[in-house]
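Welcome, and thanks for taking a look at this one with me. Please open the sequence and the model side by side, and then we can walk through a few points together.

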Amino acid sequence: EGEEVKLLDAILTARSHFDRMGLEVQKISVAEVRKKYRAVAIKVHPDKCGDPRATEAFQLLSEAFDVLSNSRAQAVYLDNLGTQPVGRDSSRGDERRPKRRKGQRWWSSRSWEEIERRMRMQEAAEQAMRRTFVSGKSTEYAARKLRQSLRQAESSCQDLDERSGVVESELWRPMAVPDPDEPGSQIVPEPLDLDQVGEKLAEIIGHLRASYFYCVYCGTHFDGEDDMDANCPGVDEAAHDDNEDVVGDTEYDF
């Protein structure tokens, strides 16, 4: 119990996302961030921890994970940490972006079992993306298909998230926003490189499969994990290309 109290205190009083997760302030792999999150989150998730501060600590930990588990967001956050006064933190490391509206996040009101399922499915999607990269990353056609898949996944993600009450997500397609420093101008999102496209696509696929039992490539909302395992060919496009019986029309069935 004493260790639990110390862990909660450390998370609640941390000055940066790295401190909150107990990580060194340096570039760190997404795999290591996820491993650390799992190890800490299971101790402070309200399902596992009876301390009244557990919910707040888990939320703060998950916010840190959202930033550090995205290589692009982590890099921006690291850059900003070097220019901010000691003790100041930033949710995404980009103060020119509009502030995030309050609303449901992927980890809000989720059981530990649901959190574990989401991370497991995201890891499976990332492994599939890596296989795709190794087999066809260098071809222009493969790159174009990957970007098309991301656009489709972003749209499906926004639609399903909004239906479930999510008001904003980093997984949705980024839009140009008014530039607060130059009236009449807009800040246009920078295009993702191919590595970032694969990373984001894997994150969205994992989120959709775990949260909604929805497959982007089938275009189908399944009845549950067992139904999806039995009837979906796999997490990547290649698995669906090899299966001619896949459903092609979007079916949310909510």
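1. Let's begin with E123, which is partly exposed at a relative accessible area of 25%. Here buried means under 20% relative accessible area, exposed means over 50%, and partly exposed lies in between, with a 1.4 Å probe and protein chains only. Before going on, please note that this is a predicted model, where local features need pLDDT of at least 70 and side-chain atom pairs count only at pLDDT 80 or more, while totals for chains, interfaces and linings use all residues. Residues are numbered from 1 along each chain as its sequence is written, and side-chain values use heavy atoms, with hydrogens and water left out.

2. Which residue forms a salt bridge with E123? The partner is R34, and the closest N and O atoms are 4.0 Å apart. A salt bridge is counted when a side-chain nitrogen of Lys or Arg is within 4 Å of a carboxyl oxygen of Asp or Glu. E123 lies in helix α6 and R34 in helix α3, so this pair ties together parts that are 89 residues apart in sequence. Helices (H or I, at least four residues) and strands (E, at least two) are DSSP runs, numbered from the N terminus. R34 is buried, with a relative accessible area of 4%.

3. Over the whole structure, a search finds 11 salt bridges. Side chains of opposite charge can pair when their charged atoms come close.

4. Another salt bridge joins R72 and E190, with the closest N and O atoms 3.5 Å apart. This pair links distant parts of the chain, 118 residues apart: R72 is in helix α5 (residues 71-81) and E190 in the loop between β2 (186-187) and α8. Is E190 buried or exposed? E190 is exposed, at 61% relative accessible area, whereas R72 is partly exposed, at 26%.

5. Then look at E225 and R120, a salt bridge whose closest N and O atoms are 2.6 Å apart. E225 sits in helix α9 (residues 225-231) and R120 in helix α6, 105 residues apart. E225 counts as partly exposed at 24% relative accessibility, and R120 counts as partly exposed at 40%.

6. Helix α3 (residues 30-44) deserves a check of its own. Its 15 residues should span 21 Å at 1.5 Å a residue, and the end C-alpha atoms are 21 Å apart, which agrees; the expected span is 1.5 Å times one less than the number of residues. The buried residues of α3 are V30, V33, R34, Y37, V40, A41 and V44.
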